[in-house]
Amino acid sequence: MSKRIGMEVSIAVAEAVKLANADVIAAYPITPQTHIVEHLSELVADGDLDAEYVCVESEHSAMSAVVGASAAGARSYTATASQGLALMHEILFIASSMRLPIVMTVANRALSGPLSIWNDHSDVMASRDCGWIQYFVENGQEAFDHTLIAFRVAEDPEVSLPVIVNLDGFILSHMIEPHVLLDDEEVARYIPPFRPVNRLDPDNPVTMGDFAMPEFYTEVKKSQEMALRNSRATIDKGWQEFAELTGRKYQAVETYKTEGAEILMLSMGALGETASVAVDRMRDQGLPVGLVKLRLWRPFPSDDLLKALGGAKKIVVMDRAISFGAAANPVAAEVTSLLYDTEPRPCIFNSVVGLGGRDVRVEDFEAIVKKAMQGHSYPGPVGDYDLIGVRE
Amino acid sequence: MENLNIYVPRLLDSREYFTPGQRACQGCGETVALRQIMKSVGRNVILANATGCSEIISSPFPQTAWLVPWIHVAFENVAAVASGVEAGMKALERKGALPKRNVKVMAIAGDGATADIGFQALSGAVERGHNFVYVCLDNEAYMNTGIQRSSSTPFGAMTTTSPPGRMSKGQKTWKKNLPEIMVAHEIPYVATASPSYPFDLIRKVKRAVEVDGPAYLHVLAVCPTGWRSAGEETIRLGRLAAESGVFPLYEVDQGKYTINLDPGELKPMKEYLGLQGRFRHLKPEDLEYIEDRVHTNFEKLRAKVRMTSEEDKASRKATKQKPKKGKTAARSKK
């Protein structure tokens, strides 16, 4: 089934959840996630997806309900954005600590205040350390594919961890794009039936979510950290098997025209497509510019990124969120600490772009790169970053 | 004694699903209730437990007091967790992934987790009509964190955040009436119960499990630590709460009210409150105020029993039919 179909990215994501044959969906409406859950409701109402659709009264309950459903052994899905993710925050950490393979789409949207329904990454960056596997996708096809990949990876007994698929709100969620879908049989081959490591079963009673005194808490956290780090092998396997099935190849870090590049841009999510157009233009002008795209955010692909960034003299990290008062913004902080030991250490520049739906144009990337080409300060003063397009 | 050993197992499951060795305080009413509840429910159940006394005393890693599947997630979300478990089991059984065996789902929470922080999740879950039983073990304050007041703390009670002082009589507000709020959700079954009346409690648990749809049980859990009462008075305090009308034992089955224990004349407030240090600072006029309000509430309850009785329904039907006939006649004339 390799026909390309034009459809809204949100609809494609919902179709992927249907193809994955989810058992329980619990969701609360929030812009720009709504089209995903609306379409899932229709699929359930029409009998195209045999699932329990739980219309919860809040995102906190959405996450709590999928925790309960997943613990019962059901394939569970939810989607949210912004304030909804913030409201779930408490339960995100519990879901990963309980090793429940829930899949969630986050249609990334700015956090209030002021209220903004538009895109940036402040929502997910505030929940960065929740212990979930986290992907960032760049276009509709990636969003569809990674919804399936997420179920495959999350439920693998070697992993048994929840997964967030981040897709940029509106910029991606509401776009009509060409998608190559899969059929039920192909998906069934790719995603085996969910066989939970533990589940709530009266015949084999288990106690889930007990409390730990100081003599156990550290060990539990260590095992959780190891589980997330070790999930990388299965994440790669998930991509490899997907490539065998569809021919579409993915990896943790993607590079674009990085050969011979002296200056590299680093981006996540939908920014990548615009940035690659900017790279084309600048290459035409003879500038040695390349692009590195981070698809896997957690577990952080340190080795892949070191390889991809190696050799560049200057690196411009794009952040779509501010870490208020911090030494650097979320992605830049991570990249800077990763590159600290490299010899010679590259100059790192940090640009914060596209906050609260502010458009990021090809010209913006060109300006960012050209400015970085002239600059040479490293390490710069704390909090030294460019807030692109801000009126001062 | 010999006869009792033969007789009691016939009434009750002799097996324990909530086992001894848990870490509750001496004289804890909540654990007596839990033991009775579990005997009534049996082993074909999945429990979701809110954070609180019952959770913390029963699940210190790597130990557990539970011989049934049990999950604890957080404080305010037990109804949502239970609704997810119920939805999951329903989907898996329908899709043939699990055999159909009608596994019960039960949520257990304290009064803070029910009346305060988990109120929204509870309202949402019962409104959605999940087939589960929600049990509130009401010890009338946040006992696990050190006896802070909740909206279920009775008027005048001393807690660590409603201390009596020159400007205060203790708890300033009247106890939130959770059973009635659940009745207002028009769910199939709502009942109050007390471990001081084990067979009443056990019957109500069975009924709650049996009805199709959400059921709510509000169980009084006497707390010697928080109530400043003697451990050996727990069962007696539960009885006095019912006999004084402070905690009436009643049930609302498909909208029909029944008072399960109507002592006729309610016992004086002094007998019940006098056994508890948390009311020690109250003056006779305070007791009078409490007694007056308790009696009024009990009368309201009796009225609801009358209003929802079969005879009353029948008489309302009869009076309704007459004007109806007249109306249709008038209309046909036009």
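Select B:K267 and B:E243: their side chains meet in a salt bridge, 3.1 Å from N to O. This is a predicted model. The pair joins distant parts of chain B, 24 residues apart. B:K267 is in the loop between β10 (256–259) and α11 (269–273). B:E243 belongs to helix α10 (residues 234–243). At 30% relative accessibility, B:K267 counts as partly exposed.

**Next stop: another bridge in chain B**

Now pick B:D286 and B:K169. They form a salt bridge, with the closest N and O atoms 3.0 Å apart. Colour the two by accessibility. B:D286 counts as buried because its relative accessible area is 6%, under the 20% cut-off. B:K169 has 42%, so it is partly exposed.

**Cross to chain A**

Select A:R295 and A:E142. Their side chains form a salt bridge at 2.9 Å, N to O. A:R295 is in the loop between β12 (289–294) and β13 (296–298) of chain A. A:E142 is in helix α6 (residues 140–154). Buried or exposed? Check A:R295 and A:E142. A:R295 is buried, at 5% relative accessibility. A:E142 is buried as well, at 6%. Over all chains, a search of the whole structure finds 43 salt bridges.

**A serine in chain A**

Go to A:S122, in helix α5 (residues 122–126). With 17% relative accessibility, A:S122 counts as buried. Show its side chain together with that of A:D120: the two make a polar contact at 2.7 Å. Then display the contacts of A:S122 beyond four places in sequence. These are A:R109, A:A110, A:L111, A:R320 and A:A321.

**The interface**

Turn to where chain A touches chain B. Select 41 residues of chain A and 44 of chain B to show the residues in contact. The area buried between the chains is about 3200 Å². Carbon and sulfur atoms give 60% of that area. Highlight A:E52, A:P202 and A:F211. Together they supply 20% of the area that chain A buries against chain B, more than any other three residues.

Next, show the polar links. Across the interface, 20 residue pairs are in polar contact, with both residues at pLDDT 80 or more. Which elements of chain A give two or more residues to this side? They are β3 (52–55), α3 (59–71), α4 (82–97) and β9 (207–208). Of these, α3(A) gives the most, with eight residues. Colour this side of chain A by residue class: 23 are nonpolar, nine polar and nine charged.

**Salt bridges between the chains**

There are seven salt bridges between chain A and chain B. Zoom in on B:R94 and A:D50, where the closest N and O atoms of the bridge are 2.8 Å apart. A:D50, A:E52, B:K90 and B:R94 are linked in a network of salt bridges. A:E52 is also one of the three residues highlighted above for buried area.

**Last stop: strands across the interface**

Select β9(A) and strand β2 (residues 70–72) of chain B. They pair in the parallel sense over two bridges. Which residue of β2(B) is the bridge partner of A:M208? It is B:I71.

Notes:
Residues numbered from 1 in each chain as written. Chains lettered and ligands numbered in written order. Predicted model: local features only at pLDDT ≥ 70, side-chain atom pairs only at ≥ 80, totals over all residues. Heavy atoms only, no water. Contact = heavy atoms within 4.5 Å. Buried area = accessible area lost by both parts, 1.4 Å probe. Salt bridge = Lys/Arg side-chain N within 4 Å of Asp/Glu carboxyl O. Polar contact = N/O pair within 3.5 Å; in protein donor to acceptor, adjacent residues only side chain to side chain. Helix = DSSP H or I, 4+ residues; strand = E, 2+ residues; numbered from the N terminus. Nonpolar A, V, L, I, M, F, W, Y, C, P; charged D, E, K, R; others polar. Pairing = 2+ DSSP bridges. Buried < 20%, exposed > 50% of the residue type's maximum accessible area, 1.4 Å probe, protein only.
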